Amino acid sequence: MTRSSYTLAMAQPLRREGGVPNVDHAVHLVARAAAEGADLVCFPEFSPGPVRPDDEFYDAAPQMTQAAKDHGINVVWSLTEPCNDGEQRLVVYVVGREGQTLLRYERTHPATIPVAESGLITPGNEFANLTIDGLPMGIVVCSEMWTPEVARIVALRGAEIILSPAGGGFTSLTRNWQIIVQARAIENQCYVGLTNNLWGVEQGAAMITGPEHPLAFAGRDELVVATLDLERLRWLRSHDDSMASPKPFDSIPGLLRARRPEMYGDLVAPQPDAFDYTVGC
């Protein structure tokens with residue numbers, strides 16, 4: 001039976017010094033999310049880590065897998081990982097309620113910041129769509145959310161929920177980051193969960209939003225939880241705009257049906273000044 005609702009948790013952990021303390025704290029937040037009734041908890045980008053390519057490697061997988069099994073909850077976590085081809089990539093893992101790996105996603109659009117500031121992380125080449133608890137979902141990492149084509153493709157492939165683990169440190173960008181996330185939810189008629197790491201005393205950006213309105217903001221809390229109305233989402237996707245008054249919706253319905261793909265060739269045309277992800281410029 002198709003689920004009509006889903007309870008989502010976005011973890012916004014305060015980063016600890018060293019690797020193991022971050023893993024231990026993530027396990028604690030998994031337990032907290034499960035206690036609050038969440039079906040799935042999503043951690044930020046490279047959380048619990050490692051964060052950067054030159055960080056000492058520590059293996060969080062056994063504890064994250066065991067936490068998912070112990071609490072019967074789906075867990076999304078990530079790290080910067082040395083891959084079989086010798087390249088470093090930001091990799092997101094999705095672990096099911098029984099500890100099984102449901103997805104391994106290599107971020108397709110790494111951050112376009114100077115290599116000297118971040119180290120070069122090689123992009124992956126496949127978008128992240130998967131089914132969890134019978135529901136179609138997708139993953140769009142950090143600044144990938146600012147490239148609207150990524151979320152649009154994930155939504156066109158069926159995702160009703162998009163998870164957006166981000167690194168954080170947004171400072172003056174925090175409000176616009178949340179606006180972008182709301183825009184992706186509105187234009188793709190889906191639910192979007194955003195989260196980030198707290199690196200200090202900054203205001204967190206973690207939130208859960210739908211196409212008609214935001215559901216919850218975390219502020220400085222390390223966890224935000226909301227229940228998603230999937231029946232309402234499907235109604236919005238299956239109906240079209242109307243001049244009825246009062247309107248039976250707070251966001252224009254049927255947007256994914258209103259597209260004209262035959263006119264969008266410019267989106268895939270060569271771009272002379274395109275960022276080169278292989279050299280970081």
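This is a predicted model: local features need pLDDT of at least 70, side-chain atom pairs count only at pLDDT 80 or more; totals for chains, interfaces and linings use all residues.
View 1. The residues concerned are Val150, Ala151, Val154 and Ala155, each of which is buried. Viewed down the axis of H4, these buried residues fall within an arc of 125 degrees, so they line one face of the helix. An α-helix has 3.6 residues a turn, so residues three or four places apart point the same way. H4 is followed by Gly158, which has a positive phi, near 115 degrees.

**View 2. Packing of helix H4 (residues 148-156) with helix H5 (residues 174-188).** The two helices pack at an angle of about 40 degrees, and their axes are 10 Å apart. This angle makes H4 oblique to H5. The crossing of H4 and H5 is right-handed. On the H4 side, Pro148, Ala151, Arg152 and Ala155 take part in the contact, meeting Arg184, Glu187 and Asn188 in H5. Of the residues in this contact, three are nonpolar, one is polar and three are charged.

**View 3. Buried residues of helix H2 (residues 61-71).** Met64, Ala67 and Ala68 are buried in H2. They lie on the same side of H2, because they cover an arc of only 100 degrees around the axis. The buried residues of H2 pack against helix H1 (19-35), strand E3 (74-82) and strand E4 (88-95). Gly72 follows H2 and has a positive phi, near 60 degrees.

Conventions
Residues are numbered from 1 along each chain as its sequence is written. Side-chain values use heavy atoms; hydrogens and water are left out. Axes are lines fitted to C-alpha atoms, for helices over the stretch in contact, and angles run from 0 to 180 degrees between N-to-C directions. Helices (H or I, at least four residues) and strands (E, at least two) are DSSP runs, numbered from the N terminus. Angles under 35 degrees count as roughly parallel, over 145 as roughly antiparallel, 65 to 115 as roughly perpendicular and the rest as oblique. A crossing is left-handed if the near helix is turned anticlockwise from the far one by less than a right angle, and right-handed if clockwise. Contact means heavy atoms within 4.5 Å. Ala, Val, Leu, Ile, Met, Phe, Trp, Tyr, Cys and Pro count as nonpolar, Asp, Glu, Lys and Arg as charged, and the others, Gly among them, as polar. Buried means under 20% relative accessible area, exposed over 50%, partly exposed in between (1.4 Å probe, protein chains only). The arc is that of the directions from the helix axis to the C-beta atoms.
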